[in-house]
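Keep the sequence and the 3D view side by side as you read.

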Amino acid sequence: MPSIPQRCLRRPLSGGLVVPYVSLIHGGHATFGSLDAERARTAFVRRLCQICGERLEERCFLIVRPADVVRGISPEPALHPECLPYTAAHCPMLNGAVTHYRSRVSLPVPLTRPGAHRPQRRPGRPV
């Protein structure tokens, strides 16, 4: 699996994963798969990467579904070339772990800062 891109090292983590710039964060918890409409708009207008939040350069990538291609739109902002492999490896919609959108809202996951202490689970002990 690709490691966290250099550009993303300052992004908060949730469950060990980078919280994308455009992800909805509510009450200090990330909700993966839900867009923060204002951050997504800002990313489109200011040409920011949807993952790291840094300004896009000349070369960038869009992730689109077949239905988006037919409609000629991209519902999400672009990504840097180095943010795409990490996203493709860890996003369940892109890596094939999930084949459809959920019908219910998922529970948010608490945020941590990169390098923050995370308690280790002991084998055989419930968390």
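Proline 2 touches Pro85, Tyr86, Ala89 and His90, where touching, or being in contact, means having heavy atoms within 4.5 Å, and residues up to four places away in sequence are not counted. Proline 2 sits in the segment before β1 (13-14). Another way to see how the chain comes back to this spot is to look at glutamate 82: 80 residues separate proline 2 from glutamate 82 in sequence, yet their C-alpha atoms are 9.8 Å apart in space. With a relative accessible area of 33%, proline 2 is partly exposed; buried means under 20% relative accessible area, exposed means over 50%, and partly exposed is what lies in between (1.4 Å probe, protein chains only).

A word on what you are looking at. This is a predicted model, in which local features need pLDDT of at least 70, side-chain atom pairs count only at pLDDT 80 or more, and totals for chains, interfaces and linings use all residues. Residues are numbered from 1 along each chain as its sequence is written, and side-chain values use heavy atoms, with hydrogens and water left out.

How much confidence does the predictor have in the protein? The mean pLDDT (the predictor's confidence in each residue, from 0 to 100) is 81, and 75% of the residues reach 70 or more. Over residues 117-122 pLDDT stays under 50, and the model has four contacts beyond four places in sequence for them. Where pLDDT is low, the predicted coordinates should not be read in detail.

Now for the overall layout. The protein has four helices and five strands; these are DSSP runs numbered from the N terminus, with helices being H or I of at least four residues and strands E of at least two. Their order from the N terminus is β-β-β-β-α-α-α-α-β. Of the 127 residues, 29% count as buried. Among contacts with a separation of 6 or more, 58% are between residues 24 or more positions apart.

Strands β3 (residues 23-26) and β4 (residues 29-35) run antiparallel and are joined by four bridges; two strands pair if DSSP finds at least two bridges between them. Most residues other than glycine have a negative phi, and most peptide bonds are trans. Arginine 47 is partly exposed, at 38% relative accessible area.

In soluble globular proteins, nonpolar side chains tend to be buried together. Alanine 40 lies in helix α1 and is buried, at 8% relative accessible area. Beyond its neighbours up to four places away in sequence, alanine 40 touches Val22 and Pro77.

Aspartate 68 in helix α2 is buried too, with a relative accessible area of 1%. Leaving aside neighbours within four places in sequence, aspartate 68 is in contact with Ile73 and Pro75.

Finally, how many disulfides are there, counting pairs of cysteine sulfur atoms within 2.5 Å? The count comes to zero. Cysteine 8 is in no disulfide, and the nearest cysteine sulfur, that of cysteine 83, is 4.0 Å away. Cysteine 8 is buried, with a relative accessible area of 1%, whereas cysteine 91 is partly exposed at 25%.

Key
Disulfide = S-S within 2.5 Å.
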